[in-house]
Amino acid sequence: MLELRPILSALMRSKVSLVLIGLQIALTLAIVCNSLFIISERAALMNRPSGINETDTFTVGSIGFGADFDLRASIAEDLAMLRGLPGIADVAAINATPLSDGGWSQGISLDKDQKSPTAPTALYLTDEHGLNALGARIVAGRNFRPDEISGRTRQSLAWPPGLIMSRALADKLWPGQDPIGKSFYINVEQAPSTVIGIVDRLQAPWVHKQRVVELSTVVPQVVSDGSFVRYLLRAAPGQRDAMMKRVEARLAELNPGRIVRDAKSIEKLRADVYAEDRAMMIILGVVIASLLIITALGIVGMASFWVTQRTKQIGTRRALGATRGAILRHFLAENFVITSFGLVAGTLLAYGFNAWLIQNYETARMPWYYVPAGCVTLWLLGQIAVLGPARRASRVTPAMATRSV
Amino acid sequence: MLKMNHLSKVYRTHLIETHALRDFSIHVRDGEFVAVTGPSGSGKTTFLNIAGLLEQFSGGEYFLDGVDVRGMNDSARSRLRNEKIGFIFQGFNLIPDLNLFDNVDVPLRYRGFNAAERKRRIEDALARVGLSARTRHYPSELSGGQQQRVAIARALAGSPKILLADEPTGNLDTQMARGVMQLLEELHAEGATILMVTHDPELAARAQRNVHVIDGQVVDIHAEPRMRGLGVVAAQAAHG
Amino acid sequence: MWSLHKLRTAENETTTMFGYYLKLGLKSLRRNPVLTALMVFGIGLGIAASMTSFTVFYLMGGDPIPWKSDRLHAVQVDNWDANEAFDDKGRLPDQMTYIDAKALMTAAKADRQAAMFKVALPIQPASEMDGRDVKPYLEIGRATYADFFAMFEPPFQYGGPWNAEQDANSARVTVITQETNEKLFGGADSVGRTVRFNNVEYTVVGVLAHWQPRVKFYDVTNGPLTDAEAAYLPFTTAIDLRLDSTGNNDCWKNADPGWEGFLASECIWTQFWVQLDSREKLAAYKSFLDAYVTEQKKQGRFPRPVATLLPDVNQWLALQEVVSRDVEIQVGLAFAFLAVCLVNTVGLLLAKFMRKSGEIGLRRALGASRRQLFLQHLVEAAVVGISGGLVGLALTAAGLIGVRALYAEYQHIAELDWTMVAVALLLAVLSAMLAGLFPTWRACQVQPAAQLKTQ
């Protein structure tokens, strides 16, 4: 038996309390919905696969000393040693890796004369071991042959004739067509390259650049001037951490004329590159939890006061024939009404907040079900919070009615 | 209508037992107007609370309109209270946040009448106490006498078997008290059974029968026709 | 004499009344410990949330060099692609080409000017150094001009900056930081001694005292919040030694092959700052810059319309959005959160004070003025506020520890600042007073008669 109208008119007599709790619930709904939405967006971002084996792989860098450091020889020597190391499944020199947030990007053009490129792409410069070391899957065409690998220096302008690209990039360049054998330009002033292989998926190093994140091209070249090289290694399953230490030590031993540094697992790179997103998720999670707790406690506090304040009234209602259940339901219904007021305002606020985020932060539109779900949650929260005080109210003895103040 | 036999009520704390009522017997018949009098602390209020099913008793028997209320659970007692008893409290006990209509509506809601039935009863009851014109007012906008009239309307609206009045004029000045008392007398004349608790002998004198309670026991029951009261009723009836 | 006496009585009265109100307030708060705890905790949590995120926001966005931020200007010129702006937002490039940096340095039209870029510095400690064996390690260095030190004013512990002549001669000199000096020379005065970076020997001319600008505003492109450099060397020396920039290198067209091709390219990888000591000089430099770009256009460079910009430090930080968007959202959220906590406390205080209307009526009847009652309850609210502020302060400290744990790069940023402490306390008391104001006003509206009449 919900006596909504009398509850409503009684509430209207104490507008301030109604406005305060309503406002609190409204703000809570707006913040909780938008925070949850941001959390889910970040989670979706973090859940995108990189296309490579992340559990067994790691990278390590080497910087030689001096202007006369022979990078080419050093790489050859290092690779020979590393490939013979038990516990290493494969190793390659590579300029960048997915999730590292640093690398080389270029525009791809399909036509020599076009003014601006068709699509951007990340460039991975590596040898014939690169894709195997990454654990990327070739789904069409073939891998590089050892004889196709060359060195790339500042002097290089042309790009090798045969390149491998991610399926997403191929689909963007030639939608619905078989990309193998198609030609394209990285540098329109040079000869075009053709696609010789397609990897299922290979994320660009920059996970937060939505435009380019799935678009990558693998080039059969190893950077061979300067003094820096990065190796990508895949350890035998379960041996990664042990191999990281060994590889660092062996490289340092092999050539003391350099600094071996930054041995990092791809998992660590993933954690680092998404650190800000994870932090945001945690902070928002804490905000949501604190907000729900504060709101629930506020409802408990307020309802307790009302119960105390209305002890006599409750006794009278009991004397007039209200059962305990009726009193309990009265308070639950009252809370439901108050919460509903707040939720109406909160719904507007939630969409307003989302609109503000869309305008200022290029966030997506919040799916419709967040607000109803938030409403149900807050209704339940309100009912649970008010249950304690309401039970206390239902235990008020009807004899309260005849007690003088 | 209301029958108590050898009723007792003991309040226990871990230190002492207080016998609020001892071997208390009373019989109120249909249509009677009984005043229960006694000094404060005599057990009047305890008696009223038990009669009104607001409190449990420790021993003895109590029949309300033929129903044995011993051992009834809380919900059943609430229902019985709602159907058979109309309360009139010393402090009126109107709900300040509700207007008169909604105040009178309270017991009817618990009874589960439909909307039309409730509306009819509320309007009739308020008309009966002369407050038809003020249904949308709130208690704080009324005088004490008017508030008590609303409380009486609330008590009447559910057509109870018996009206229980607890010092109904205790919070009112003489003139307002007279008006309320007159209303009770009229209701009695129309056939209502009324049980009134008061410490005011003058008020008690206007009832049909007085029951005097001292130390939780009935000490004296004397029934005497109230000529004056009847006279008033007769006069009213003549007018009506 | 007489007036003084009167004054003293009034003062006494105020203090004793305040003590009385304080006693009443504490008593009243003790009566509902759970509710009081709820209010204090509510304010505390709200303060903590808003203060934590605001501290990060304030320190990230705050002026890193307040005494001269309006005289230091980043120099931006638009050398980008005719068909496409530098970024989606249509902003000018955030770095400069080597050719332009070199040309502007040579022109030397500003009061002071410094081109710079970020370099990787393998540091090779001498093996026999004080008998300690320090392995070679990699640090970040900055190649720049002597004016860098005069412009950004890092404090020197020993020695000083190199001079313009050394800039011109590509001298092998360096200014190292206190931390590097500690590692290489055990903190001794190392001016005149040599250090070895990447197989090249440099003479130390200066050692900086600890210098940690909150935000590395002079190079926001390459990690505004990461640690400062370990050593500084002349720009010309770095170019002479062909040290690559390890910062971002953005190109819109292909460079010619080789180091010379790289230097002559339209790739941007240097930062360029000038100091301009007056508005007139700023205006003059702006016209000079426009004229420079127009001149370059004639030679076939700068395909886009002439666009130059000289943002000062604060404009630069805003333009480059140094305050992360996440932090901005968090600040917004935190203040909404504070609002919820305040509303919560107002509600609870309201409920509490409304219940006291009987007591208030009684006090009014006994002769208390509205003002006195108002003060009494304001004191009670203030007690809640101060307690909330203290709880909030403790929670803020905890919150900042949490932020440091979550964001590695905020190590220097997420520190409690005493201004912030004061702001937090003030905010707590003010918000509680505000929270108490309405209920008190409501409670004091009660007509004494209405309360005493019937109950």
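Predicted model: local features only at pLDDT ≥ 70, side-chain atom pairs only at ≥ 80, totals over all residues.

On helix α3 of chain A, the face turned away from the buried side carries the exposed residues Ala73(A) and Ala80(A). The buried residues of α3(A) are Leu71(A), Ser74(A), Asp78(A) and Leu82(A). Viewed down the axis of α3(A), these buried residues fall within an arc of 60°, so they line one face of the helix. The cover over them includes β1 (57-64), β2, β12 (228-235) and α6 (240-254) of chain A. As for its length, α3(A) runs over residues 71-83, and at 1.5 Å a residue its 13 residues should span 18 Å, which agrees with the 18 Å that separates its end C-alpha atoms.

Leu99(A), which is not a glycine, has a positive phi near 75°, and its place is in the loop between β2 (88-93) and β3 (104-108) of chain A. Leu99(A) counts as buried because it has 22 C-beta neighbours inside 10 Å, where 20 or more are needed. In chain C, Arg242(C) also has a positive phi, of about 55°, although it is not a glycine, and it lies in the loop between α7 (235-240) and α8 (258-263) of that chain. Arg242(C) is exposed, because 11 other C-beta atoms lie within 10 Å of its own.

**Chain B as a whole**

The secondary structure of chain B comes to 8 helices and 10 strands. Its radius of gyration is 18 Å, close to the 18 Å that the globule rule gives for 240 residues, so chain B is as compact as a globular protein of that length. Taken along the principal axes, the C-alpha atoms of chain B fill a box of roughly 50 × 40 × 30 Å. Of the 240 residues in chain B, 48% are buried, and among its contacts with a separation of 6 or more, 71% are between residues 24 or more positions apart.

Within chain B, 4 strands form an open sheet in the order β2-β1-β4-β5, with antiparallel pairing. The edge strands of this sheet are β2 (17-28) and β5 (67-68), each of which pairs on one side only. Strand β1 (residues 2-12) and strand β4 (residues 59-64) of chain B pair in the antiparallel sense over 5 bridges, and Ser8(B) has Gly59(B) in β4(B) as its bridge partner.

**Where the chains meet**

The contact between chain B and chain A takes 30 residues from chain B and 23 residues from chain A. On the side of chain B that touches chain A, the elements that give two or more residues are α1 (44-51), α2 (74-84) and α3 (100-111) of chain B, and the largest share, 7 residues, comes from α3(B). By class, this side of chain B has 9 nonpolar, 11 polar and 10 charged residues.

The contact between chain C and chain A takes 46 residues from chain C and 43 residues from chain A. Here the elements of chain C that give two or more residues to the side touching chain A are α2 (33-61), β4 (112-123), β5 (137-144), α8 and α11 (325-355). The largest share of that side, 18 residues, comes from α11(C), and the residues of the side divide into 28 nonpolar, 12 polar and 6 charged.

Terms used: Residues numbered from 1 in each chain as written. Chains lettered and ligands numbered in written order. Pairing = 2+ DSSP bridges. Contact = placed C-beta atoms within 7 Å. Nonpolar A, V, L, I, M, F, W, Y, C, P; charged D, E, K, R; others polar. Rg over C-alpha atoms; globule rule 2.2 N^0.38 Å. Buried ≥ 20, exposed ≤ 12 C-beta atoms within 10 Å, placed from the backbone. Expected span 1.5 Å × (residues − 1). Arc of directions from axis to C-beta.
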